[in-house]
Amino acid sequence: MQHSRSRYLTRSALAGVAAGALVLAAACSSGGDSGGDSDTFTWWDPYPQHEEGSEWAERVAACGEEAGVTIERTATDTTALTNQALLAAQEGTSPDIILADNPAVSTLAETGMLSTVDELGLDVSGVDENLLAAGVLDGETYGIPIGANTLAIYYNADILEAAGVDPASVTDWASLTDALAKVTDNGDKGITFAATGTEEGSFQFLPWFWGAGADLTQLDSPEAEAALGLWKGWLDEGYAPNSVITNSQNTTWEEFLTGEFAFAVNGTWQVNSAAEAGFGTGVIQLPGQNGGVAPAPTGGEFILAPVQTDTDRYDTSRQIVECMTTPEGFVETATTFAYYVPPTVEGQDALLEAEPELQPWVDAVRAAKGRTSDNLGTDYPVISEALWTAIQNALSGSASPADALAQAQADAAAATE
Amino acid sequence: MTTTSATVSERASGGSAADSSSAAPARPRRRRRVAHAARRWTAFGFAAPLLAYLLVFYAYPLWRNIDLSVHDYNVRAFVQGNAEFVGFDKFVEVFTADSFPTALLNTAVFTLVSIAFQYGIGLALAVFFHSSFRLSGVLRALFLVPWLLPLIVSSSTWAWMLNSDHGIINSVLEAFGGSQINWLTSPDTALTAVIIANIWLGIPFNLVILYAGLQNIPSEVYEAAALDGVTPWQRFWRITFPLLRSVSGITLLLGFIYTLKVVDVIWVMTTGGPGDASLTLSVWSYREAFGTGQPDFSPAAAIGNLLIVIALVFGFVHLRLQRNGDKS
């Protein structure tokens, strides 16, 4: 009796320990390797809006088939993608291909988790230098842009006509501010843009910043002050709504679509939406302070191949990348993404042949400038944070533009030394 | 247990031979020891899954957070795992940062004002609904709506209502002759705006717990008081409030911890801005780690540790107060 009881106890103890061990084992094995199968290639991109079965997903799958493998695609939003890529690299489970937002490329490359285009044997000589620059760190190129977008000014043709403003007359800051005065005098709202306290705020500010001749290594220059003063002036005069301080680019666009605003700063990705708006729209280039086209920052994703322990996989990765970056491939990507300007002259010509009305956007992309270029690399995110903080402080009235920028320069210098 | 002792006493009473009496007590003791060890193993076996769970999901993350905060983890070191040990440098960096006094003060104001109003309004509503009347159930259910909405939805809605130019709150103010208030975009009002939204979000939690507490107060107490001719005011302050003491204590403590770690509401509405105007410690931690293109895990972890310490301190204060209360 006693014997069987103790045996029973031991048995149940063993069962309990086994269950515990199982939990532990399950917890440990969850971090196992994902890319072990030589016929399955993993692919991460920041386009969750393109679901399985969409044109984009099919295009990715087709590139895999062409290379003789199956592509397993995972889509996450862009900030999460960078964090997951870092975690995966730490665990040694990087995917074979990542499409990452261009300012993230130098951050990822800095960690040593990306293979260079030379290691993969890719040819990047055809890619526009201003677009490729975001993927270059210390003389090495780490990826290829699959397309580029940038900013310009959309206008509401009906409002401009009512106020007697010719969009072609907007060629510099003075003429733009003039146009805003006329529009608001006529009872409409002036311009809306995104000045939120994130990367988007810096992204939208840079055309004015660079258009004044300012440089990201010197945030407190008189040119920078002029650019921030321009925005602040618009807010003070009521040419721009106070809500720009928290506006994201999407909110900005929604404001413009209400038909109350004469101008909105936004990107290539709104071309289709603008065509469907209930009023006449048009596009003008962002003007420089004293005329000419201001360089806008480039947006868009790079195709990257993280380092793999099994280097035999690179050959197939190269084929997949090449499939995505042929001129036809670029045009296909461009139309799938409404609209993504190809990064090569060949691709741009092919796109213009199909869609001639995209000319202003192709021009804008050619004039655009990478945010991490000028050899800023991984310093850019730090400088950008200081810059958007200065924008927030100045526009909300916590500090004058000059003081806000002086503080930003001090912060950026301290963080990048 | 009972079987063993029965056998032992039987043997002890019935034992006649000298040799058996010397051997008899030894055997059961050994058996008992075996049984005891087995029982201990059983206990361990049953506790093992829980222990493993605690280790994997609580101890390891906590240890990892401390590890992150005492090393200099930039992204490169994070991937390659060779971060330099810097001791308390990151804590010093956090404490001496320009944002620190602002964030600390904002955290204190945000937390204390939020829970004061959440508790006050929650208690008032609980007492109100306790005297059941027609539709009180429906109304009480309606008050739970803030709890049911995903935080991102309610914060976005608040941000939209508080919008400077076309938000409904400013429209109402202007309709009554007020002037436009830049709720989310002025450094003077941004913190107030996020506190208002957070109070609204926290009322249901306080309402539910305090309402449950009210139902545990025996109705005889109220009946006896009614016979003594108590006024409603005395009824609340002399009976309801003192009898809700322990429930109130735990509500306030949980409310404190929940409010201390709020990130989503503030992040969606103002991202801690404009500038640092609505920055709290938890938002600051999130901003350092995930808010920029350059993740700074070490200072973010240092701020996280600080938050854990603050929460722990208040937890102990709560325990202490409760123990003193029990004694008296």
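In what order do the 5 strands of the open sheet in chain A stand? The order is 2-1-3-11-6, and the pairing is mixed. The model is predicted: local features need pLDDT of at least 70, side-chain atom pairs count only at pLDDT 80 or more, and totals for chains, interfaces and linings use all residues. Residues are numbered from 1 along each chain as its sequence is written, while chains are lettered from A and ligands numbered from 1 in the order in which they are written.

View 1. Strands pair if DSSP finds at least two bridges between them. Strands (E, at least two residues) and helices (H or I, at least four) are DSSP runs, numbered from the N terminus.

**View 2. Strand 6 against strand 11 in chain A.** Strand 6 and strand 11 (residues 301-304) of chain A pair in the antiparallel sense over 2 bridges. Ile144(A) has Ile303(A) of strand 11 as its bridge partner.

**View 3. Helix 12 of chain B.** Helix 12 (residues 219-227) of chain B is hardly covered. Of its 9 residues, the buried count is 0. A residue is buried if 20 or more other C-beta atoms, placed from the backbone, lie within 10 Å of its own C-beta. Gly229(B) follows helix 12 of chain B, with a positive phi near 75°.

View 4. Chain A has 18 helices and 11 strands. Of its 417 residues, 50% count as buried.

Key. A residue is buried if 20 or more other C-beta atoms lie within 10 Å of its own, exposed if 12 or fewer, and partly exposed in between; C-beta atoms are placed from the backbone.
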